[in-house]
Amino acid sequence: MKIAYFVPYVPNLIRVRPYQLISHLSALGAEVTVFTVTTNQGDVEDARALKSLCHDVVYEHQPALRSYWQSLIALPTRQPLQSVYSWNPALVERFFQSYSVSSRFDVVHVEHLRGSMFGTTIRSRLPSLPVVWDSVDCISHLFELTSAKSRSAFGRLISTLDLRRTQAWEGELVSAFHHVTITSQADREALLRLSSKTPSPVTVLPNGVDMQYFRPDVAIQRDPETIVFSGKMSYHANISMADFLVREIMPTIWEKRPGVKLLIVGKDPPAHITSLQADPRIIVTGTVADMRPYLQKATVAAVPLVYGAGIQNKALEAMACKTPVVTNMKAMIALQAKPGEDVLVADTAEEFSRELLRLIEDPSLQQQVGQAGLDYVRKHHDWTVLAGKLIHIYEEAIHHAKILT
C-alpha cells in the first residue's frame with residue numbers, strides 16, 4: 001500500500017503520534033511518503049532522520065512569520081486560524097507532481113486541523129482518491145476548555161477568538177473525507193455533535209506507546225519519595241497542570257512528608273515554571289535527551305489534568321515504565337484503564353494529595369499499580385497493533401471511495 005502522509009509539523013519523538021504511526025506502518029510493509037513543513041534547522045534535521053524510517057520525506061520551508069501572516073489574513077474571514085497556520089501551497093503542488101509523474105498513491109493521510117487544507121485541496125482536485133483525516137483531537141472542544149480554564153490570558157483570548165469558526169469548520173470536515181480518526185471516544189462524540197450533515201465514518205484510534213523504548217529498567221532503583229510530571233512545557237495545558245500540582249497539591253504532601261521531591265520534566269518551560277526551582281524540593285529539567293530514566297526512577301507519576309483533549313501520552317509512557325500513575329476522571333475518559341487498579345484516580349487537590357501519599361508510603365501498592373498499568377498499555381496501546389488497525393481503516397476508505405465513484 002502506497003500512502004501519502006501529510007503532517008503539518010515534522011514528526012519526531014516529541015510529536016509522537018505521527019512519528020510512531022509512520023514508523024510502524026513502514027515496518028508493516030506500507031510505502032509511506034511523508035509531506036511536511038519545516039520552520040528551522042532542527043526540523044530539517046528531524047525530516048532527514050525520519051527518512052530512514054519510511055520511503056521518503058518531502059518538505060517545504062515554512063517560516064514562523066509566514067504562518068503568523070496567514071493567520072492574520074484569516075482573522076476577518078470565517079476560516080479558523082489553525083487551519084491556515086501550516087498551509088503551504090508549494091507542498092501540495094509537489095504532491096500533485098509526484099502523484100502524476102512517479103507514483104499513484106493508494107490513500108492520503110492528513111493529520112490535525114492544521115493539515116486539513118491539504119486534505120480538502122486534494123479532495124477537490126482528485127475526488128476519487130481516498131483521503132483519511134486524523135483529527136487527533138476535537139480542537140473546538142479543546143478551545144472551549146481552554147477559554148474557560150487556561151491560566152494563560154493569551155491562550156484564553158486566542159481560544160475564545162477562534163472557537164465559533166473552528167466549530168463550524170470541524171463540523172464541515174467530519175463529512176469531507178472518506179474516513180476520520182480521533183484519539184478518544186469523548187473527542188469523537190464532541191466532533192460528531194458539530195456535524196449538520198451525514199458524517200463520514202469516525203473511528204477512535206488512540207495514541208500508543210513504543211513498548212520497546214518505554215519499558216521498565218530493573219537496573220534503576222526507584223527513589224522512595226519522588227513525584228514526576230512530564231510533557232512539553234511550552235504547551236498551555238501542561239503549564240496549567242504544573243501550576244495546579246505545585247500550588248494546590250504539593251503543599252498538603254509536604255506538610256506530611258517534607259522530603260518529597262517534584263520533578264517537572266520537559267522542553268521549553270516558561271520563565272515562571274523555571275522559577276519554581278527557587279524551592280529546593282522542585283527540579284525543572286527543561287529539555288532532556290532521554291525521558292525514560294526520570295520515569296523509571298520516580299516513585300509515582302502525577303497527571304492532574306485541568307483541561308485538555310485526547311489521550312495523555314505522559315500517562316501511557318509512565319505506565320509503560322511500570323511507574324504508578326495518579327490522574328483524574330478527565331484523563332480517564334480517553335482511556336479504557338480500570339480506575340483504582342491500572343491507575344489511581346483523584347478529582348480534587350485533596351484527593352490527589354491523598355492518593356500520591358498512599359503510593360509513596362506503600363511500596364507494595366506501588367508494585368501492584370505499576371504492574372497493572374504496564375499490563376494495560378501492553379494490551380491496548382502498542383503502536384504495532386494500532387498501525388495494523390490504521391491499515392484496516394485505509395482499506396475501508398479505499399473501498400468507500402470506490403463506491404462513491
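This is a predicted model: local features need pLDDT of at least 70, side-chain atom pairs count only at pLDDT 80 or more; totals for chains, interfaces and linings use all residues.
Two packed helices are described by the angle between their axes and the distance between the axes.

Start with α15 and α16. Helix α15 covers residues 349–361, and helix α16 covers residues 363–380. Their axes come within 5 Å of each other and cross at roughly 105°. That angle falls between 65 and 115 degrees, so α15 and α16 are roughly perpendicular to each other. Which residues make the contact? From α15 come R358, L359, I360 and E361. From α16 come P363, L365, Q366 and V369. Sorted by class, this contact holds five nonpolar, one polar and two charged residues.

Look next at one of those residues, R358. It sits in helix α15. Leaving out residues up to four places away in sequence, R358 touches L344 and L365. Now compare R358 with F105. They are 253 residues apart in sequence, and their C-alpha atoms are 54 Å apart in space.

Strands of a sheet pair through backbone hydrogen bonds, either parallel or antiparallel. Here the pairing is parallel. The sheet is open and has six strands, in the order β10-β9-β8-β11-β12-β13. Which strands form the edges? They are β10 (282–286) and β13 (344–345), and each pairs on one side only.

Strand β9, residues 261–265, pairs with β10 in the parallel sense over four bridges. Across this pair, L262 stands opposite I282, and L263 stands opposite I283. The side chains of β10 alternate. I282, V284 and G286 point to one face and are buried.

D268 lies in the loop between β9 and α11 (271–274). Its phi is near 60°, a positive value in a residue other than glycine. At 42% relative accessibility, D268 counts as partly exposed. K322 is found in another loop, between α13 (313–320) and β12. Phi of K322 is near 65°, again positive in a residue other than glycine.

Another helix pair joins α1 (residues 16–27) with α17 (residues 383–404). These two pack at an angle of about 80°, with their axes 9 Å apart. So α1 and α17 are also roughly perpendicular to each other. On the α1 side, the contact uses V16, R17, Q20, L21, H24 and L25. On the α17 side, it uses W383, T384, A387, L390, I391 and Y394. These residues divide into eight nonpolar, three polar and one charged.

Finish with the cysteines. A disulfide is a covalent bond between the sulfur atoms of two cysteines. How many disulfides does a search of the whole structure find? The search finds zero. C54 is buried, with a relative accessible area of 12%. C138 also counts as buried, at 1% relative accessibility. Both values fall under the 20% cut-off for a buried residue.

Terms used. Residues are numbered from 1 along each chain as its sequence is written. Side-chain values use heavy atoms; hydrogens and water are left out. Two strands pair if DSSP finds at least two bridges between them. Contact means heavy atoms within 4.5 Å. Axes are lines fitted to C-alpha atoms, for helices over the stretch in contact, and angles run from 0 to 180 degrees between N-to-C directions. Buried means under 20% relative accessible area, exposed over 50%, partly exposed in between (1.4 Å probe, protein chains only). Angles under 35 degrees count as roughly parallel, over 145 as roughly antiparallel, 65 to 115 as roughly perpendicular and the rest as oblique. Ala, Val, Leu, Ile, Met, Phe, Trp, Tyr, Cys and Pro count as nonpolar, Asp, Glu, Lys and Arg as charged, and the others, Gly among them, as polar. A disulfide is a pair of cysteine sulfur atoms within 2.5 Å.
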